[in-house]
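Subject: A structure for you, and its cavities

Hi,

Here is the structure I promised to pass on. Please open it and keep it beside you while you read.

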Amino acid sequence: MENWQALVSIITFISVIILIMTEWIHLTIAALLGALFLVFTNVMTLDDAIGYISKSHGTLALFFGVMVLVRSFTPTKVFDYLATQMVILAKGEGKRLLLGIVAITTPICAVLPNATTVMLIAPIIPPIAEDIGINFVPLLILLVFVANSAGLLTLVGDPATFIVGDAINISFIDYLQRLSLGGAIAIITVIVTLPFLFRKIWNTKLENMEELPHPQINHPRVLALGAVIVALVLLFFVIGEELPIPISPAAVALLGAALALLLAHHSRIDTVNNILSDIDWSTLIFFMSIFVLIGGLEKTGVIGGLSGILAVILGKNILLGSVFLVFFVGILSSVIPNIPLVVAMVPLLKQYVVNVNLAPSEILEPTFSGQFPPEVLPLFYAMMFGATLGGNGTLVGASSNIVAAGVSEQYGKRISFKTFLHYGIPVMLLQLITSTIYLVIKFR
């Protein structure tokens, strides 16, 4: 590929990130214009662009399905009801509410992808904040921090973790034994920051609980049937890929969405047009555009060229390489969504360990199902932690961040890049430091 095309892809990508950071234009518009610029400058054809989007069809289908599922049951007022119950359980105290968000989100993210968890819980947050009289934006940001961190508890908790784990053929049980403690440490790090970063909410207390609104559940029969649909969706999220005929989480989400639309339409609690018009199309278009931008870097050889740089910098020093990768991937993941980042980084890292003779060339084969040399595994573990925790740094760092921003806009408030940065940078740096210490001690 010619050098000018690589240069165009780099400049376009950096320009999009700058536009998002400075908030000159909406992040979806910036990403879409960048993707289209690559097409119109012939860096890639429209077919190429669609091809890169299709590679991530599972992620997009999962997001769309869960969005439809959640929106279909909004007329039942279940989210308002649950919000009030959470405030009552927290006894109107901000510190209890913050800890409650951590307690609810953590176990869910152990079995569901973090962006999916954010889609399920985020609609409850704004009504809670309204009941107590506080700004819901910090609560959504906390939800994101916990979801991203808890994604390290199991192999399936974060798409980035799963992608890396699948690439090195690590099993679910092996992951629990080797790396789950690192996820627990990441969550504890978030909890430690609560009294400082969320000081105003931590010290808030609702004096008169009687003033709380008490929304009633609408259409209880419809909600009961909806609960069955949601329960089945959650069940097949966990076991679907282990069945004799595997069912992907994306397919499960789409089936759940179709059943929810059927139920809403048949019961006449809402129309199909209303439900679909309220879907967060902005978030979906943003992800499609980002996948194209990353595809431009991959097609023009920019990403592949980085493997040679890694070999020069790191040599065969696994300890130095692991520490370097936690921070290098973590910082990259703060400005590049971690799903496309790890998709690009996995082959790069494989090529690096082969180049420096730390692993046989067989690991580069797509069908390789054997075990990687134990001495190189810390490099891949470091990439897992860096990609997942680095996503807490900025608004565009992880898919769950974008989902939360979309929910916030639907409730009338925009999470600015600067606001997220205020909370995200301290949390990200602390987590990268603690995870590095954990990895060094665990795999020294």
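Below are some notes on the cavities.

This is a predicted model, in which local features need pLDDT of at least 70, side-chain atom pairs count only at pLDDT 80 or more, and totals for chains, interfaces and linings use all residues. Residues are numbered from 1 along each chain as its sequence is written, and side-chain values use heavy atoms, with hydrogens and water left out.

A cavity here is a set of points, on a 1 Å grid over the protein atoms alone, where a 1.4 Å probe fits but cannot get out; lining residues have an atom within 4 Å of a point. Points are joined across faces, edges and corners, and the volume is the space filled by probe spheres set on them. The count is 2 cavities of 30 Å³ or more.

The largest cavity has a volume of about 50 Å³. Its lining consists of Ile168, Asn169, Ile170, Asp174, Arg178, Gln371, Leu377 and Tyr381.

Around it are Val66, Leu69, Thr116, Leu120, Val230, Val233, Leu234 and Phe237. The largest share of this lining, 4 residues, comes from α13. This lining has 7 nonpolar residues, 1 polar and no charged.

Happy exploring!

Conventions
On a 1 Å grid over the protein atoms alone, a cavity is a set of points where a 1.4 Å probe fits but cannot get out, and a pocket is an open set with protein on both sides within 12 Å along at least five of seven lines; lining residues have an atom within 4 Å of a point. Helices (H or I, at least four residues) and strands (E, at least two) are DSSP runs, numbered from the N terminus. Ala, Val, Leu, Ile, Met, Phe, Trp, Tyr, Cys and Pro count as nonpolar, Asp, Glu, Lys and Arg as charged, and the others, Gly among them, as polar.
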